[in-house]
Every structure is written in structure tokens, then in C-alpha cells.
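User: I would like a close look at a single part of this model. Please keep the answer connected and plain.

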Amino acid sequence: RQHPSKLKSKTAATSDKSSQPEGLWLFSDLKKWRHESVDSILTVLEGVAYLAENLPRGGMVPLDGTAITLWETHLGGKLEQLVPALCSVDRLDWICLGDCQLGPGDCKALNQIGAKCPGLDLSLNDLGSGLPTMLAGLPAGTIKYLDLTDTDIRTQGAIALANAARQAVLRELVDLRVGSNGIGDRGCNELVTILGVAAPSLEHLDLRDNGLTSWGGSVELVCSLLADSGSLK
């Protein structure tokens, strides 16, 4: 484990996720420490915070924001302990918590992180019924990039997203990924109907593998959204 001043940063090559923001990515290789204590992870996050605060602005480092990836780090039931360190990172624009074994009980901590960070990759976690807790009380326009792929949110999760959109939480939303969640026609209809009105900046919407049907009306609604939206790409 290196002293914060010795940690290295690098600009990441972008993957196929168009929602990833440009700018500086700070990688702390937590994957190899997945079975270690939260204290070990906090040590690394303190280094990330140090780098974010001390890297020069402009020049050779085009720091438009900070992004952190904790992919596949086993944080289920422990995320709340990391919230202060994560929220201390300067201009945190994106955090990847994909496949971190998070569950409904971690959604209160995700709510605190979401209030600070507009870009969240939460894919491959069993958030299930916890999504309303994660979205509750977030300020208007908070979330810009949200990946909920394969998080077991089901129809009720789509309805929770629709309710958040009605409260203007998704007003600045650019990218939403809710594939492989069993949302079904009802959830899709609720979500797509309000997104067409409440998310004028939406560029990417992933609804694949959700059991949508033409007889349930969701396919037609999605087609109408594509035809009427001036932002979807």
C-alpha cells in the first residue's frame, strides 16, 4: 500500500460506455484487495482524495472532474463506511460500483453518494427494492449518468425512477441504463412516458432484455419517444 503521494494516476482509455465522462480517471486497484478490510480500502481512497485535491488544473492534466472505479470490490454491507471518504473527493463526477455485491441495505449510502456524484455505475448489484431509498430526497437535476443494468429493480424500480423524474431529480439526465431488470410493459410505460417530458437532455436509454411487448404498449411508446425526442441518439 503506497503513501498517497506515491499513488499514480492516468487518463483511462474510454470503454464502450458512452456515459463515462471525459477528464481524469483515478484508478486505485482495489480488485486485488477485495477480501481485505474496509480500512485497507479507505487507505487507498484517502490517496485518491489527496490526488484529486493536489493535481494541477489545466496544462497537461485536463481535469474536468474525477472518476473512481471500485469494480468487483466486495462492499456489500460496508459501503456506508466509505461514504465520507468518497464524498471528500474533489469534483467527483463518476463512480463505478459495478458488481460490488451491494444490496437493498446499501441504498441509504448510495443516496448520500448520489447527492454528491452525478454519475453512478451500479450494474450487476442486487439493489432490488432498495432503489426508492437511493432516490429519495435527491436534489433536482442531481443524476446525469445512471447504470442500473441487471440490478433486479423490476417494475417497482422503474416506477421509482418515474417518480424521481416527476420530482425533477432526472432533469439533467443524459444516460440511463436499466437493461435486464424484468421491468415489463407496465414499468416501461411508466418510465418512458415521464422521461419524454422530464428528461429533455436524455441521449442514451437502454431498455434491453426487459420483456417489452407490442401488445402491452411499451414498444410503441419507446418508438414514439425516439421519434419525438430531440436529444436521443
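What covers the buried residues of α3?

Analyst: The model is a predicted one. The cover over the buried residues of α3 includes α2, β3, β4 and α4 (131–135). The buried residues of α3 are Cys107, Ala109, Leu110, Asn111, Ile113 and Gly114.

Two of these covering elements, β3 and β4, are also the strands that the helix connects: the chain leaves β3, passes through α3 (residues 107–116) and reaches β4 in a right-handed β-α-β crossover. β3 and β4 (residues 119–121) are paired in the parallel sense, over 2 bridges, and Cys96 has Asp121 in β4 as its bridge partner.

β3 (residues 92–96) is itself mostly covered, with 4 of its 5 residues buried. It also pairs with β2 (residues 66–69), in the parallel sense and over 4 bridges; here Ile68 has Ile95 of β3 as its bridge partner. Together with α2 (residues 79–87), β2 and β3 form a right-handed β-α-β unit.

Gln112 is also part of α3. Gln112 counts as partly exposed because its relative accessibility is 36%, and buried would require under 20%. Leaving aside residues up to four places away in sequence, Gln112 touches Val83 and Cys87. A separation of 8.1 Å lies between the C-alpha atoms of Gln112 and Met134, which are 22 residues apart along the chain.

Technical notes. Residues are numbered from 1 along each chain as its sequence is written. This is a predicted model: local features need pLDDT of at least 70, side-chain atom pairs count only at pLDDT 80 or more; totals for chains, interfaces and linings use all residues. Side-chain values use heavy atoms; hydrogens and water are left out. Buried means under 20% relative accessible area, exposed over 50%, partly exposed in between (1.4 Å probe, protein chains only). Two strands pair if DSSP finds at least two bridges between them. A crossover is right-handed if, with the strands pointing away from the viewer, the path from the first strand over the helix to the second runs clockwise. Contact means heavy atoms within 4.5 Å.
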